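This briefing concerns the structure shown below.

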Amino acid sequence: MHELSAAQSIMDAVLEHARRNDAVRVVRVHLLKGGLCDYVDETIVWLLNMLSEQTVACGAQIDIAPVPIVFQCSECEAEFIVERDRFEARCTACHSSNVKLTRGGELYLESIEIE
Amino acid sequence: MSEIKTIRIMEKIGGANDLIAGENCQRLDQAGVVMINLMSSPGAGKTTLLERTFERLDSGIRAAVIEGDVETSHDAERLKRFGLPLVQVNAPACYLSAPMIAKALDQLDLSGIDLLFIENIGNLICPASAKTGEHHKIMLLSVTEGHEKPLKYPRMFVECDALIINKLDLAPHTNFDLQLAKTNALRINPALRIIELSATTGEGMDGWLTCLRDMLRSHKPEPAI
């Protein structure tokens, strides 16, 4: 279950930022999840609920927003979105296959809402 | 009622692992070691491929292995006969992380190594996104797993530089479509170098050894003789 190390890293960062900002309570945690990240949302939420017990983040709402898979063409520099279930890493503008992944591969802690 | 404040963070999860991966890579570069992260599902033939590789590798190339296993040392036992530097990492996890590799590097004399293999834990999901500091990620797909795997596990195929299609000798006994498997893999990663072989019979091993030599050469000013 690779979600555990991710959830632990998220919670460490949430608590660190809450501390720096003198939060008495974390109300919401906003995450951005790339389309190529194989994390199960429910598992992430479940783990965060568990890890936040007896911290200022206990009871925080967890929002996970999807980020599309975006490639950039190395020939014509056009950016294009790839659907995961119809994957084709080929430039939609010039059809070059000389492309690189620019977004959608990572999980980000975007922001927290605190009191 | 206290006021709610939004704190923007934009922090990449796993960034700490990436930093250590970067340090690992720097250490390897300084010592002139090329590290290859070998990944696959369980039973795809990573250990057998390494056995065949060490039987045939050019004698001037000094190889070593970091052997990842959840709990046992079966694979490490099989590789011991080659007398190569070998570090066993028992990870109660589904992948080898950069800190685990850093500890393994501490146990190796890097000045005596040209080519260092990581045999990662068998899994098509977790190892794909965890950097270890390797120069190349290589994936093994065996014909018994099916030609649709690239479409089901795109992350793994996006990350790799080379794909080895293994157990070619078993292909006639399965409905594996080799051409379709290659087409699917190239849809995900058009730059993928594809090598077809059977580690059991040795068929196609020359292509793999050429790939290793090319990878060594691309990172070293003077190729190992």
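In this predicted model, strand E5 of chain A gives the most to the lining of the second largest pocket, with 5 residues. That pocket holds about 450 Å³ of space.

**Second largest pocket**

- Of the 25 residues that line the second largest pocket, the closest to its centre are Phe71(A), Lys100(A), Leu101(A), Thr102(A) and Val158(B).
- At least two lining residues come from each of strand E1 (26-34) of chain A, strand E5 (99-103) of chain A and helix H7 (154-159) of chain B.
- By residue class, the lining of the second largest pocket comprises 13 nonpolar, 7 polar and 5 charged residues.

**Largest pocket**

- The volume of the largest pocket is about 560 Å³.
- Its lining has 32 residues, and those closest to the centre are Tyr39(A), Ile13(B), Gly14(B), Asn17(B) and Tyr95(B).
- Chain A contributes at least two residues to this lining through helix H1 (3-20).
- The lining of the largest pocket divides into 14 nonpolar, 10 polar and 8 charged residues.

**Four-stranded sheet with strands from chains A and B**

- An open sheet of 4 strands, with mixed pairing, runs in the order E2(A)-E1(A)-E6(A)-E1(B).
- Its edge strands are E2 (61-67) of chain A and E1 of chain B, each of which pairs on one side only.
- From one strand to the next, the twist averages 20°.
- E1(A) and strand E6 (residues 107-114) of chain A run antiparallel and are joined by 7 bridges. Within this pairing, Arg28(A) has Glu113(A) in E6(A) as its bridge partner.
- Helix H1 of chain A packs on the sheet and touches E1 and E6 of chain A as well as E1 of chain B. The direction of H1(A) makes about 35° with that of E6(A).
- Helix H2 (residues 41-51) of chain A also packs on the sheet, where it touches E1 and E2 of chain A. The direction of this helix makes about 150° with that of E2(A).

**Seven-stranded sheet of chain B**

- In chain B, 7 strands form an open sheet with parallel pairing, in the order E4-E3-E5-E2-E6-E7-E8.
- Strand E4 (86-90) and strand E8 (193-196) of chain B each have a single partner strand, so one side of each is left without a neighbour in the sheet.
- Neighbouring strands of this sheet are turned by 20° against each other on average, direction ignored.
- Strand E3 (residues 63-69) of chain B pairs with E4(B) in the parallel sense over 5 bridges. Val65(B) has Leu86(B) in E4(B) as its bridge partner.

**Salt bridges**

- Over all chains, the structure holds 25 salt bridges.
- One of them joins Arg78(B) to Glu51(B), with 2.8 Å between the closest N and O atoms.
- This pair links distant parts of the chain, 27 residues apart. Arg78(B) lies in helix H3 (residues 74-79) of chain B, and Glu51(B) lies in helix H2 of chain B.

Methods. Residues are numbered from 1 along each chain as its sequence is written. Chains are lettered from A and ligands numbered from 1 in the order in which they are written. This is a predicted model: local features need pLDDT of at least 70, side-chain atom pairs count only at pLDDT 80 or more; totals for chains, interfaces and linings use all residues. Side-chain values use heavy atoms; hydrogens and water are left out. Two strands pair if DSSP finds at least two bridges between them. Axes are lines fitted to C-alpha atoms, for helices over the stretch in contact, and angles run from 0 to 180 degrees between N-to-C directions. On a 1 Å grid over the protein atoms alone, a cavity is a set of points where a 1.4 Å probe fits but cannot get out, and a pocket is an open set with protein on both sides within 12 Å along at least five of seven lines; lining residues have an atom within 4 Å of a point. Grid points are joined across faces, edges and corners, and a volume is the space filled by probe spheres set on the points. Ala, Val, Leu, Ile, Met, Phe, Trp, Tyr, Cys and Pro count as nonpolar, Asp, Glu, Lys and Arg as charged, and the others, Gly among them, as polar. A salt bridge is a side-chain nitrogen of Lys or Arg within 4 Å of a carboxyl oxygen of Asp or Glu. Contact means heavy atoms within 4.5 Å.
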